[in-house]
Structures are given as C-alpha cells and as structure tokens.
Amino acid sequence: MAGVTLTRSPQTGTTTSGRVTARGRSRRSEGLTKILFVLPAAVAMIALFGYPVVKNLLMSLQDYGLRTFFTGVAPWVGFKNYSTVVHDNLFSQAIANTAVFTVASIAFQFAIGLSLALFFRRRFPLGGLLRSLLLLPWLLPLIVSSATWRSILEQDSGILNRTLQGLHVINDPVPWLNSPSVALIAVIGVNIWIGIPFNVTLLYSGLSEIPDELYEAGQLDGATGWRAFWYITWPNLRSVASVVLMLGVVYTIKVLDIILGLTGGGPANATQTLATQSYQKSFVEFRFGQGAALSNILIAISFLFAIFYLRSTRRAVDE
C-alpha cells in the first residue's frame with residue numbers, strides 16, 4: 001500500500017504493522033473480557049432495580065387500579081396522581097410524621113450507638129459476649145420484633161405498664177399504641193431499639209481502625225477525656241459516621257413493617273407516614289397509580305439525601 005513502509009524483523013520475520021495489529025486485538029480482547037465480567041451484575045441491576053423503578057414511574061402516570069388487572073387498560077393521566085396525593089388532607093400530616101420519625105430515630109440511634117461503641121472499645125470480661133447479644137434486635141425479623149413489642153406495649157396486659165405501675169412510676173396504664181399523642185413516640189422508640197445494633201457495629205468498626213498511638217501522643221499534649229474524643233476520635237470517625245447517618249436516613253425514611261405491625265398507621269392517622277400512606281393507597285384502596293406516586297416521592301427524597309452525601313464526601317476528599 002502507498003505511504004506504508006513495512007519493516008521485517010530479521011529474528012522473527014514479523015512486520016511492525018503486524019505487531020500493532022496484534023496489540024490492538026489483545027486490547028479488544030481484554031476490553032471484551034472486562035465487559036463480560038461486569039455484564040451479569042449489570043443485567044441483575046437492571047432486572048432487579050431498573051425495571052421496577054421504570055415500571056413504578058409509568059404506573060404513577062396512569063390510572064392504574066384494580067380493574068386494570070381484568071381489562072389490561074390503564075389510561076394515561078399524567079401528573080394527576082401526584083396532584084391528588086399532594087392535595088390529600090393526610091399528605092401534610094404524613095410528611096410531618098415522616099420527618100419526626102426519621103430525625104428522632106436517627107438522632108437517638110446514632111447517639112446511643114456511638115456511646116455503646118465507645119463503651120465496648122474498652123476491653124473488659126464478657127465484652128465480646130455482650131456485643132454479640134446486642135446484635136439480637138438486628139437479627140430478628142422485623143414482623144417478629146413488631147409483634148413482640150406490641151404485646152409489651154399493650155395498655156392493660158403489657159409488661160411495660162405493669163412494671164411501671166409496680167414501681168409506682170405511673171398510676172394508670174399508658175395507652176402506648178392507642179393514644180394519638182403517644183403512639184408516634186412508642187413507634188419511634190421501637191425503631192430506635194431495632195436500629196441501635198446497626199450503628200454500634202459500624203461505629204465500633206470505625207473506632208477499631210483508629211491507632212492507639214494517636215491517643216498516647218494526645219495524652220502527652222493533654223488531650224484526654226472529651227478533648228481526646230473531640231480532637232482525635234471524632235475527626236478519624238467522621239467518614240464512618242457520615243456513612244452511618246446516610247444509610248440510616250435512607251433506611252428509616254421508608255420504614256413500613258414496624259409501623260404496620262404496631263399501629264397500622266393509627267390511631268387517627270397519628271403514625272401515618274409516606275411509606276404507610278403509599279401502602280394504604282396501593283394495597284388497601286387499590287389505587288396503584290397514587291401509591292406509585294407516593295413511593296416515587298419517597299425515592300426522590302432519598303435521592304436528594306444520597307446526592308448531599310456524595311457531594312459532602314467528595315468535598316471532604318478534596319480537602
């Protein structure tokens with residue numbers, strides 16, 4: 001070919017263009033191998049996450065109800081479902097309950113979890129056994145935990161009221177799950193109990209990665225007690241804490257089974273959240289389009305938290 005000079009190696013008899021072609025084929029083969037390794041995970045992600053999200057988005061734009069299962073027809077209504085659920089009288093209350101439930105649960109779970117993680121960092125007899133027992137609430141199925149706490153919080157026969165009355169802390173039984181002013185507090189308390197092991201496990205792992213030499217050096221500079229925590233422990237634990245808080249928010253904001261098992265969203269919608277309202281619309285009223293719209297609002301809120309976490313993490317890495 002004109003303009004191309006072929007040189008032949010005297011030892012091997014191969015040309016320069018041949019070696020270039022061989023390297024190109026090797027790179028293509030390597031690239032194809034990488035794609036084949038990633039392909040199963042990508043297909044699984046699309047099948048298990050991508051398709052349900054897209055399907056849910058389409059349902060929220062359709063009049064998808066019980067008759068759709070018989071007729072196969074779901075008229076396109078656009079953003080009418082979103083407008084309907086947002087203007088519902090229960091929506092503002094569900095938003096407020098979701099915010100209170102999430103913030104209170106995360107705050108107490110993290111505070112108690114961090115305190116226990118700092119406590120278990122000290123070596124003492126049976127420390128490992130106690131740490132293992134602490135995982136029990138996390139290992140139990142949530143519906144089992146809900147049923148157990150429902151019996152504990154029963155107004156007349158619950159062990160909590162009987163114990164408090166026996167200790168003369170209260171005179172009359174407290175309607176933990178039957179009073180609109182107390183039910184949300186009771187549900188938050190149960191969710192805190194369930195979430196503490198998760199916080200302890202991750203925070204304890206983060207504390208274990210902090211070298212003891214830092215504390216020894218800090219003691220020489222007078223950094224002991226709270227000063228050691230503020231200037232040594234917390235800066236080194238901040239990245240782990242941000243992950244714990246982010247995962248806690250994403251998980252807590254969509255909690256459903258605990259609330260359904262304890263109160264079902266009652267009494268008088270006092271424990272109604274966006275998750276329970278979405279369940280109510282979809283599987284009780286069979287208005288699947290409106291239920292999908294509420295779940296998409298939940299996804300959007302979780303997505304905003306995820307973006308905030310990623311931006312804060314990137315900023316910390318840049319610094």
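How many nonpolar, polar and charged residues does the lining of the largest pocket have? Before selecting anything, note that this is a predicted model, in which local features need pLDDT of at least 70 and side-chain atom pairs count only at pLDDT 80 or more, while totals for chains, interfaces and linings use all residues. Residues are numbered from 1 along each chain as its sequence is written, and side-chain values use heavy atoms, with hydrogens and water left out.

Start with L118, R121, R122, Y215 and T233, which are the closest to the centre of the largest pocket among the 26 residues that line it. The lining has 13 nonpolar, eight polar and five charged residues. Its largest share, five residues, comes from helix 4, and about 800 Å³ of space lies in this pocket.

Next, select L153, W176, L177, I188, V190, I258 and L262, which, of the 23 residues in the largest nonpolar core, touch the most other members. Helix 9 gives the largest share of this core, nine residues.

Finally, select S60, which lies in helix 1 (residues 16-60). S60 counts as buried because its relative accessible area is 0%, where buried means under 20% with a 1.4 Å probe and protein chains only. Show the side chain of Y82 as well, with which the side chain of S60 makes a polar contact at 2.8 Å. Leaving aside neighbours within four places in sequence, S60 is in contact (heavy atoms within 4.5 Å) with residues including G78, N81 and G289.

Key. Helices (H or I, at least four residues) and strands (E, at least two) are DSSP runs, numbered from the N terminus. Buried means under 20% relative accessible area, exposed over 50%, partly exposed in between (1.4 Å probe, protein chains only). A polar contact is a pair of N or O atoms within 3.5 Å; within protein, one must be able to donate a hydrogen and the other to accept it, and residues adjacent in sequence count only if both atoms are side-chain atoms. A nonpolar core is a set of buried Ala, Val, Leu, Ile, Met, Phe, Trp, Tyr and Cys residues joined through side-chain atoms within 4.5 Å. On a 1 Å grid over the protein atoms alone, a cavity is a set of points where a 1.4 Å probe fits but cannot get out, and a pocket is an open set with protein on both sides within 12 Å along at least five of seven lines; lining residues have an atom within 4 Å of a point. Grid points are joined across faces, edges and corners, and a volume is the space filled by probe spheres set on the points. Ala, Val, Leu, Ile, Met, Phe, Trp, Tyr, Cys and Pro count as nonpolar, Asp, Glu, Lys and Arg as charged, and the others, Gly among them, as polar.
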